Every structure is written in C-alpha cells, then in structure tokens.
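Dear colleague,

I am passing the structure on to you below, with the sequence beside it. My notes on what was found in it follow directly after.

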Amino acid sequence: MNEFLVLTRAIHFGAVLWLFGEFVLFAVVVGPALRSVSDHASIDSREPERRLLRVASSCVAIGIASAIAWLLLEAANMSGMPLMEALNRRTLDAVLRETVFGRIWLVRLGLSLVLSAVLWLGWRQQARRKGAMLKIGGILLAGAYAVTLAWTGHALSDAGADRNVHLASDTVHLLAAGAWVGALPRLASLLKRAGDVARPERFALAVSATQRFSTLGLFSVSALVTTGLINAWYLVGNVPALLNTEYGRLLLWKLLIFAVMVALAAINRLRLTPLLATATTIVTPSRNALVRLRRNALLELAGGVAVVGIVAALGVATPAMHMLDREHSHPMSSESHVH
Amino acid sequence: MKGVRCVLAALLITVATFEAGAHAFLDHATPAVGSAIHASPTQVRLWFTQELEPAFSTVQVQDRDGRRVDRQDNNVDRANPMLMQVTLPQLAPGRYRVVWRALSVDTHVTEGDFTFDVVP
C-alpha cells in the first residue's frame, strides 16, 4: 500500500506545484511580457489566459482526485485496517475530525473548491474583462493550496516555536519550488513556439518571458537553499546518519538532482538568456540559444518531477536520524515503523 | 573552487535535512522498559519523541497468557500529547507485556512492545 501512497502523494504534489507555477508565470512573467510586446498586433493576448484556465482546471481536478485517494489510503494507514475495511463512516469521520491531517485535508478541500469556482468564473468572464480576479484570486488560492501541504508533513514533528519556524520555512520552500518547477512546462511551451520564423512576435514574447523567468528562478533557488538551511539549523547534526540508511540515500539522490537542476538554471541565466537578449530576430545563434534553453528547461522539469517523487517517498520512509536513535535506545523493547 | 565547495556544502545540508524528522518512537516509560518492581503499578505511562493523534494511538497491558489486564481506558494526555497512559487494577506478581501503537501528528505509525515484572 505504501507504493500507492507514494504515487498518490507524488501526483498530488505535482499537480499542486504545477498549479501554483502556472499562476505565478501568468502573473509575473507572461502578463508583463505580453504588455512589453503589445505593439505586435498579430499576437493573441487572450491565449495565455485560456491556456492558464485549461491547465489550472486540470490541475485542480487532479488535485481533488488525488487528495481523495490520499485520504482513503491514510485512513487505512492510521486505523491499521485493510483499505476496504477502513472505508467506513466511523473511521473516515475520526480521520477528518480528530486528526491534524484530516482537519487540514478539509481546509484544503475547501480551497480547491473555491479555486474551482474562481476558474469557472474565469471561463465565463474571459470575453468581457481582464484577468485581474483570475490572476490575484488564483495566485492567492493556489499559493494557499500549496503551503497548506506543510501541515501534512514532517514540520509537525517539532514542538513550540521550532514548529512554527519549521512550518514557515516549509511554506516558503513549497512556494519557491512551485514558482520554479511548476512554471517550467509553460516556459518550455513558450520557447517551443518561439522558433516559428513566420511569427516573430512569439520570439519577442519568449525573449521577454525568458528574461523575467530568469529573475524568478534566481529568487526561487535562493529561497529553496535558504529555507533548507533554516531546516538544517535544527537537524544538521544528523547529516552523517544519512550515508548509512535508505532514507539517507534517497536524500542524496535528491541533492544530486537538485544540484544538476541548479547548474542547468545557471547555464540558462548566465549564458543562454544573454544570447537571446541581444537578438531582435530569429537568426542562427538565437535559434540555437532557444533550442538549448528549451532543452534545459525540459531537463530541469524532469529533475523536478524526480525530486517530487523522492519527496513523496521520503514522506513515508523512516528518517535516518530516527533509525539511528532507535539503535541506541531501549535494547529490551521492540519497535517497528509501519508507515 | 572554494566557492563551489561552499555551494555544494550548503546544498548538501539543504537537501539532506529537508525531510528529516517525524515518527513517534518510545522515549521512556513507567514502569521502565524491562524493569522489575515490587509493588503493582497503578498505571503505565509512555512518553514518545513526538506528539500523538489520540484517535488512533493505543496501549494495552497483557499478562503472560496474552490476556488484556488494563482498565481499557488508554488515552493521550491533553496537556502533553507526547504522553500516552492506561490505568491498571492490582496486578499479581508475574511478567506483563505493554503493547503500544502510536500515530504521530504527521501521520506516521509506529508499533512496539516491552515487558516489566511485578515481583513479590
């Protein structure tokens, strides 16, 4: 059942981060980039909004479906019963009303339903008004939907002020991860379409968007490293333990992939984006830069998907520090980690 | 190179510690794990390394034949959610097994057991 739980969590995390990333990219990258190239009469300024509505609707649907699956699997885990036996009103009621996970699950369900309503209004009103409500409402709700994941995670293992700092740190970590990895699919799509020589306005849009995304990526990576270091403040003494456990090896894979992603982002920012910035039309150097930028964005995205999968698996694994703690305590007691 | 090493060290700390934590394990108990006591205890108290969810955390005390002997009133302390307890009737001399199941607030389940002896 753990495999299903990992898969369900991975799908949910992915959908939530993608949702937030789409809204962020729409609000702070694509929207301003569109305005900067608005002199191109042929550009369809409504297309990004339609794409946002399509992707966001899909993400919310996947988010709700995977959240329900997560709840049912957690009910079986918490009760210790087989899945089909755990699907009874009494158990589900106890999970939803009497556990932190259940109460947060209900809050997040409410957020996803309000998001659905905002998107529905967006579909209805897109012909009549600008996307201000969609932009502001969507980014706030998608952000809240992402940050509340922190309350389902390991930050709760701390107590008192430490818990609050850890939760705040995880909150920023989630937002930064969403703003970076969640925005990559849309960025890759923009770069793909920019290579059409018959549509120079798309090239101009991609150049402007890439420059803005580069700044967003820098903030995101800085926030990810900073929040990780804040978490390390509590747990740095446990690094050696990571080398000798399965949990630790998973974390080291996450480190390796993250380092490669940062390296790719650095190449994009320091080498390829300046190449594009000096180009005004699609010539061979700028086309090559476009192709490499898109390839790197897709590689970063693949790395992001792998990291999300690892995080989903780590959430159900026994942390290295506790494995070592157990080895040194209570030789006459028997303990086991179930999930 | 020094700068690269600093960045790599920061990344190592960042990622390596992001998910560490969680899971409620037994910290200590009264009667203590494996102890022998002369008087029948009035309750068994278990302190864990993390806060517990009362709805799905349990403890019971069994005699040598596996029969449950506690008063079946196990609960997580409201003031200290890391403490789980159950009261006991007067126990005859013998070996007793404490079997516990803990659900931590971040949804991880741990199980365990230990024994203590009541001696004349």
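Predicted model: local features only at pLDDT ≥ 70, side-chain atom pairs only at ≥ 80, totals over all residues.

The secondary structure of chain A consists of twelve helices and one strand, and in order from the N terminus the elements run α-α-α-α-α-α-α-α-α-α-α-α-β. Among the contacts in chain A with a separation of 6 or more, 80% are accounted for by residues 24 or more positions apart.

The largest nonpolar core has 114 residues, and the members that touch the most others in it are A:L19 and A:A146. The element that gives the most to this core is helix α1 of chain A, residues 2–36, with 19 residues. If the neighbours within four places in sequence are left aside, the contacts of A:A146 are A:V16, A:L17, A:F20, A:L174, A:L175 and A:G178.

Although B:L88 and B:P41 are 47 residues apart along the chain, their C-alpha atoms are separated by 7.0 Å. With neighbours within four places in sequence again left aside, B:L88 is in contact with B:S40, B:P41, B:T42, B:Q43 and B:V44, as well as with B:V61, B:V69, B:D70 and B:R71.

With best regards

Terms used: Residues numbered from 1 in each chain as written. Chains lettered and ligands numbered in written order. Core = buried A, V, L, I, M, F, W, Y, C linked by C-beta atoms within 7 Å. Buried ≥ 20, exposed ≤ 12 C-beta atoms within 10 Å, placed from the backbone. Helix = DSSP H or I, 4+ residues; strand = E, 2+ residues; numbered from the N terminus. Contact = placed C-beta atoms within 7 Å.
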